[in-house]
Amino acid sequence: MTPRRAREAIQEARYTRPAVASPPEALAHAQLEWDTPLYRMAVAQFDQAVPVAGIPDDIAERLRYPERSTIVSIPVRMDTGRRVVFPGYRVQHSSIIGPTKGGIRYDANVTLGECAALAMWMTWKCALLRLPYGGAKGGVRCDPRSLSIGELERLTRRFTSELLPVIGPKEDIPAPDMATNEQTMAWMMDTYSMQRGFAVPEIVTGKPISIGGSVFRHEATGAGVVMVASRACDRLGLSLAEQRCVVQGFGNVGGIASQELHDRGASVTAVSDVSGGLHSEDGLDIPSLLEYVREHGSLEGCAAGRRLTNEELLETECDILVLAAREDQITEDNAPRIHARMIVEGANGPTSLEADGVLWEREIPVLPDILTNAGGVTVSYFEWVQDLGRIFWTRDEIRAKLELMLSDAFDRVWDLAEEHTVPLRTGALVAGIREVSDALEARGIFP
Ligand code: NAD
């Protein structure tokens, strides 16, 4: 496929549904509850990859939809004594290969459609890494920064209670995502365990080490992002230590990725969070910025470099641009103004379909989210295995196993992209989709 044809395919995928013989009552004709721009983007990416993956039509049609979507309402007693009801979601996309797995996010933009898109990406990500999981995603629509610790705890415990019928160590295993962390997972694990009458550490991953969490889980996503970027540099004949990097998002993924880049000798010239960014051509002092954020909660008010907006940060000239904040950051609008030699997706869905087309034409490689941020779910898998076996590995063992699995996935993606002359994202999707399709073909579509 030429770059021009790939761009046309991306445009077509957005506006036309593939011809699938389905009766009028089929989902293809319905107004779907999860039909939102992000879900459409996930499906359009899937539709673009299917012809390259070469999977049967009926299998493709089944995989276009999540298996199960749960909506709950969560009454929370606020510190004022007033009760507020929050909407919560959990979408399970595919349980063909094993239990579903995916994060829980607290954010003002959480919707069923956002969870459906993210759950679908989790399926391809787990399959690409050859983890025995399908994808899920969930969250609560709220403004987490306006909630006290007590309110967050009550919200988490009630949300977990509402999800009891659909989660479990063999059914669906939550993990942290935007604005949730080890503490959130500890509350979820405790709430679930209280219902069962004994400790069930394997119900969540990303929990504190004291209750069965894994060493290196906290750092896994950000460190994995840099492992993949380093592998790409090797393939392109570049040295990671000589690269100038810009990182959007300075939370778990972006903060750790910045630290890893800094530790490996690369120069991080700009970083940002929701409050805006900082830039210094000589390279920022990442350890002291992380310390600042630990103390103040964000980069707001920090004077360690020239202040810039997130829009300016994305267009800053650099070698490697790491996107580690949220979805939809590079669009058709700003893609022509990106001045990076390589884009590395730490966040989920940060590059729109149209932007993908522009970047492909400009020959700027995009290391796609489902490969690049897979370090988190891979070490989550190690955590679950350790909990089930009640045996624990060392940090060095985990880091080495992670590097092996990410490198193996990277090589398969790179080779597929070269073989079919398609973007790395298509290569990654094709690798994941083929694994799931083979499993579904072997099992058959029930009944
Ligand atoms: P986080 O809440 O720890 O950090 C998010 C960061 O992005 C914060 O610094 C926040 O201020 C910043 N941010 C939010 N909105 C922004 C905006 N509009 N512009 C610039 N910065 C903004 O979350 P996280 O766990 O680091 O997750 C970040 C992304 O990585 C999400 O897309 C998430 O789904 C994805 N991800 C996370 C993990 C994980 O293990 N934590 C694993 C895979 C993927």
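A disulfide here is a pair of cysteine sulfur atoms within 2.5 Å. What you have open is a predicted model, where local features need pLDDT of at least 70, side-chain atom pairs count only at pLDDT 80 or more, and totals for chains, interfaces and linings use all residues. Residues are numbered from 1 along each chain as its sequence is written, and side-chain values use heavy atoms, leaving out hydrogens and water.

**Stop 1: the cysteines**

Select cysteine 142 and cysteine 115. The sulfur of cysteine 142 has its closest cysteine sulfur in cysteine 115, 12 Å away, which is too far for a bond. Cysteine 142 is buried, at 4% relative accessibility (buried means under 20% relative accessible area, exposed over 50%, partly exposed in between, with a 1.4 Å probe and protein chains only). Next, pick cysteine 302: its nearest cysteine sulfur belongs to cysteine 245, 19 Å away, and cysteine 302 is in no disulfide. Cysteine 302 is also buried, with a relative accessible area of 7%. Searching the whole structure turns up zero disulfides.

**Stop 2: the nonpolar core**

Now select Trp121, Trp124, Leu128, Leu261, Val271, Leu289 and Leu367. Of the 101 residues in the largest nonpolar core, these touch the most other members. Such a core is a set of buried Ala, Val, Leu, Ile, Met, Phe, Trp, Tyr and Cys residues joined through side-chain atoms within 4.5 Å. Which helix gives the most to this core? Colour helix 4 (residues 112-128), which supplies 13 residues; helices are DSSP runs of H or I, at least four residues, and strands are runs of E, at least two, numbered from the N terminus. Domain 1 (4-209) and domain 2 (218-373) both contribute residues, so the core lies between them; the domain bounds come from an automatic or database domain assignment.

Zoom in on leucine 261. Leaving aside residues up to four places away in sequence, leucine 261 touches Val226, Leu240, Cys245, Val247, Ala266, Val268 and Val322, where contact means heavy atoms within 4.5 Å.

**Stop 3: the aromatic rings**

The structure holds eight aromatic pairs. Select tyrosine 381 and tryptophan 384: their ring centres are 6.5 Å apart and their planes at 40°, so this pair is tilted. Rings of Phe, Tyr and Trp (its six-membered ring) pair if their centres lie within 6.5 Å; planes under 30 degrees apart count as stacked, over 60 as edge-to-face and the rest as tilted. Tyrosine 381 is partly exposed at 21% relative accessibility, whereas tryptophan 384 is buried at 11%.
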